Amino acid sequence: MQAVKWMHTVRLGVLAGLVAGSNWVGAQTAGGAQIQGPGQVVVAGTVPDEATRVAVIARLRELYGAERVVDQLALGSVVAPPQWSQHVQKLLSPSLKQVSHGQLSVQGQTVELKGEVGNEALRQQLASEMAQSLNPTYTVRNGLRVAVQEQAVVDQALANRIVEFEPGSAVLRPAGLLILDEMAAALARLPGRRFEVIGHTDAQGSHASNVSLSLARAQAVKGYLVSKGLPADSLSTSGLGPDQPVASNATDEGRARNRRIEFRVGG
């Protein structure tokens, strides 16, 4: 979903839990565990019949592109409210693309929308549009939040600088520690927020080793930030290896830019 863009990457959120009944098996884990990779939209849960499943997946593929949609829907013996499938189709509107890191949960006649949007007016507008598209028996819970300002604090603190490590290792260099001292102070100004520390590498070497190295570096950053007083449970880590370059890997300068740590404000 594309409303909020970070310094190096845009990740589509999770569209999960499209459920007709109480047997919800959608994405409930903290930190967006249902996200399979950058740019993917995961749809999970239980629907009453194959026609509903096909319609939901087709609609999401129309909105986001077939290659981005991960189908984890299951069929189950759940009782749907009248015209439930048609109402779900109304919820899957182009407006959802204005939400970043989103999660749409439909449990019977209760709809909950979470994620990040660019301003307060949009936050209210999206929930209002959803409510107006449904009949009065549905309840829409607005869990959207405005996070642009918080992400801007983090991006400004990093200021396009590279957190440096020793070559081929997760050992932080002194210059990298100085940047992290500033990042720790910036993150501390956002109490109660969660943060994702994301490691990236250049494309030299094997893909598997680069993914492993990027994760180890993200974990090293987390460890240092925790040592500076940030709560460990406020920080999650991931390693994307060489999969999201911001420059060409054909030059030394480009590879240096691709070896980076990214900080993202979460829920």
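Author: A quick definition before we start: helices (H or I, at least four residues) and strands (E, at least two) are DSSP runs, numbered from the N terminus. Keep in mind that this is a predicted model.

Three elements, β7 (195-200), α6 (207-227) and β9 (260-265), each give at least two residues to the lining of the second largest pocket. The largest share, five residues, is from α6. Sort that lining by class and you get seven nonpolar, nine polar and seven charged residues.

To place it, here's what is packed inside the model. The largest nonpolar core has 27 residues, with L92, L104 and V111 making the most contacts inside it. At least two residues each come from β2 (41-47), α1 (50-64), β3 (69-75), α2, β4 (100-107), β5 (110-117) and α3 (120-133). Of these, α1 gives the most to this core, with five residues. Another core, of 24 residues, lies apart from it, and includes A157, L158, L190 and I261.

Back to V111 for a moment: leaving out residues up to four places away in sequence, V111 touches, among others, L91, L104, M130 and Y138. L91 also turns up in helix α2 (residues 84-91), whose buried residues are W84, H87, V88 and L91. Those four sit on the same side of α2, because they cover an arc of only 100 degrees around the axis.

How values were computed. Residues numbered from 1 in each chain as written. Predicted model: local features only at pLDDT ≥ 70, side-chain atom pairs only at ≥ 80, totals over all residues. Heavy atoms only, no water. Nonpolar A, V, L, I, M, F, W, Y, C, P; charged D, E, K, R; others polar. Buried < 20%, exposed > 50% of the residue type's maximum accessible area, 1.4 Å probe, protein only. Arc of directions from axis to C-beta. Core = buried A, V, L, I, M, F, W, Y, C linked by side-chain atoms within 4.5 Å. Contact = heavy atoms within 4.5 Å.
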